[in-house]
Structure formats: structure tokens, C-alpha cells
Amino acid sequence: MALESIRYNAGKLEILDQLLLPRESKYVMLCGVEDGWRAINKMQVRGAPAIAIVGCLSLAVELLGETFDDKKVLRQEVEGKLNYLVSARPTAVNMKLAAEELIALINSLGADDSIGPEEMKARFVDAIEAMLARDISDNRRIGELGAQAVVSAQVCGSSDKLRVLTHCNTGSLATAGYGTALGIIRALHAIGKLDHVYCTETRPYNQGARLTAYELVHEQIPATLVCDSMVAALMKVRSISAVVVGADRVAANGDTANKIGTYQIAVVAKYHGVPFFVAAPLTSIDFSIPSGERIVIEERPEKEMTHMGDVRIAAQGIACWNPAFDVTPAELVTAIVTERGVVEPGQLRKLLVEDRQPNGMLVGDIPS
Ligand code: MRU
């Protein structure tokens, strides 16, 4: 059975508490926006797409528990709460883009004189609920297109099975299901093209060791865990075919913010001639910023570095710097895989026009 990080049914929202994994599988109920904000901020739920979906569903749950007789009140409440949810974590853009889209929707429903406040609420909640299914179908498409792109980027010939490296967690736990970069790995496995996956432990929060390793074992995909510091040696000794990672925010020029450590993997991949793929749904692409310089990088508490659980491992008195993300320059990225096509980083804007070939690839943009 597939792992389910988000359970939602008729106004009832539960998330798998990712702070407890892999020791314990426990669902916690989120009763509204305050619970949603806290779960995102504490990282009980994490991963850019999952953050947006849980944030928006927590608003749906709250609205369903209230009755509105004034459309203006509903509109103001929605806008205030969405902006509050955006503040829970600053780097991933998905929650911000979802908030902008939903604020535009509530404004247009508010301007529609043919509907009353309760119908306005019902239509708004329907739009939020649709995010779950849309995220899964987008991820499946990313998996399919990404697997083709990774296979066709191989110099050694597509009959060979591939050894893929991934970083952080981009699977069912980070999305509504299936995953982005991990979705590509799943798709490669499903078509018989995957030899082995290497996942980094992803210090200091250990999303790789705790979550990706858990998903790979659960899915029975052949996989090995490595420490972040082993990547260069791994590429030298084990001949990695491709790196596939996710994204928290991709700027218009293809600069990509993702989990801390992604940048150094991209540098090492370039040195070893290993193609480096970013899997990102359109909901992770921020066309409003020209480059990665404008991306705000979240800094997290020192304790995530100084402690393993409750045991202090760092010397008392040492200062710490704990950025949760870094920005990989576009020049180190071979291609960005989205549900709408696979493009080189400089070609992202092509995704905004519907010029797809029947196979979903964008004309002229298939990396070879
Ligand atoms: O701090 P996290 O665990 O939320 O960071 C997650 C990542 O960096 C993922 O790679 C990214 O959000 C993509 S998840 C599909």
C-alpha cells in the first residue's frame, strides 16, 4: 500500500507526523489554520507541495466549520488566513502561489452576484480539495517524462540500467502522493530501467535517512543510504548515471532552491559529468523572480545540528549556521522536469505556452 502523508475526507484532515518517522506511524488531526501553520512550521509535514496542500486544506477545514452570511467577511477571512499560512516557512514557493491563486478565486466568486456566501464558500472549498488529485496526477506525469529524459541523457546507451542519486525527501511524504524526484525514480523502477538508488542522509534534519530510506524500503526499490559527505567518492567509485532532486523554488532563469547540500552535489556532478535533473511541478516555479538571488533562505534552530534527538553531539559553546536550503545555479542543472514538459533551465518560459508535442515533451527542449 502506498504511503499516505495527507488524509482528507469531507472536512476531516489528518497528517502523518513526520517528526516521528520512521520509529512510529502516527496521524495527527488538524482542525484549522492555526494547527496547519504549526504543523508546517514544526515540520510535522514538509516538502514544498505537501506544505501548500496541507496549509490550504487546513483553511478548508476551518471554513467548513463556520457559517457565513456576508461575502465580504468570508473574503477578508480567507485572504488574512492564507497570508498567515504563507508565513509558516519562507523558502518553498508553493504555498505562496496557491495563496495568490486562491485569493484571485475568492475575489472573483465575491464579485459574482448570482451566488450567496455559502455557495461562495462551497465553491472555494471545492477548489482546495481538487489540489490533492491534481498534485498526484502532476507527479505521475513528472515521473513519466523524467524517466524518459534521464534514460535519453545517458551516454552509455539506454539498454543499461541506471544508478541514480537523490537528496532529501521528494516522495509520497513530501507531496499528495507518488512524489516528484522520487516519482521519477519510481517510474524508472517500474519500466525496468533502474539498477539502484543512492539516497543521502540529508543532514542535519535527516530527511534522506529517516524518510526517503523509509519510502524506498516500503516500495522495495533497491537502495543504499550514504552520508552527504560521500557523494564525490560515490560518483568516482560507483559510476552514478544521474542525479535527480526536487525543488522548493525555481526562479525564472532556472536557479533552484532546494534542500541544503543540493548545490554541492550539483558541483560534484558537473565535475564527474553526471547529468543533474530537477523535478519541479509548475507550482514550484516562481516566474516573478529573475534569479535565485531573490530567494529567502530559511534558517533553522541550532539544535537540529548540535543534537541527535535529545543527545548533544556538538561541543558546548560552538556557534552554528543552519540554512535549510541552498540555491543551485542554473548552469549546473541539465534539465528541469515539470508536468508540462522537460526543459533546459534557460527555457522555462516555454512552459507558459502550450506548444507541446503529443508525447508531452516541449519542441526542441529534450536534453540529449
Ligand atoms: O525542509 P524540507 O524537508 O521541507 O525540504 C524539502 C525539500 O527540500 C524537497 O526537496 C522539496 O521541498 C521538494 S519536495 C517534492
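Which polar side-chain atom lies 2.6 Å from an oxygen atom of the ligand? That atom belongs to asparagine 258, and I'll come back to the ligand in a few minutes.

Hi everyone, and welcome. A word on the ground rules. What you see is a predicted model, where local features need pLDDT of at least 70, side-chain atom pairs count only at pLDDT 80 or more, and totals for chains, interfaces and linings use all residues. Residues are numbered from 1 along each chain as its sequence is written, and side-chain values use heavy atoms, with hydrogens and water left out.

Let's start with the overall layout. The domain assignment, which is an automatic or database one, gives domain 1 (6-135) and domain 2 (145-352). Their C-alpha centres lie 27 Å apart. Where the two touch, 26 residues of domain 1 and 31 residues of domain 2 take part, with contact meaning heavy atoms within 4.5 Å.

How do we put a size on that? The size of an interface is often given as the accessible area lost when the parts come together. Here the buried area is about 2,200 Å², and carbon and sulfur atoms give 52% of that; this is the accessible area, with a 1.4 Å probe, that two parts lose on being put together, summed over both. In domain 1, the residues that lose the most area to domain 2 are Met43, Arg46 and Thr91, together 27% of what that side buries.

Between the domains we count 1 salt bridge, defined as a side-chain nitrogen of Lys or Arg within 4 Å of a carboxyl oxygen of Asp or Glu. Arginine 89 also forms a salt bridge with glutamate 298, and the closest N and O atoms are 2.9 Å apart.

Glycine 47 has a backbone N or O atom 2.9 Å from an oxygen atom of the ligand.

Last stop, the backbone. Most residues other than glycine have a negative phi, and most peptide bonds are trans. In this model, the peptide bond from leucine 21 to proline 22 is cis, with omega near 0°. Another cis bond runs from arginine 203 to proline 204, with omega near 5°. Alanine 10, although not a glycine, has a positive phi of about 40°.

Note on methods. A polar contact is a pair of N or O atoms within 3.5 Å; within protein, one must be able to donate a hydrogen and the other to accept it, and residues adjacent in sequence count only if both atoms are side-chain atoms.
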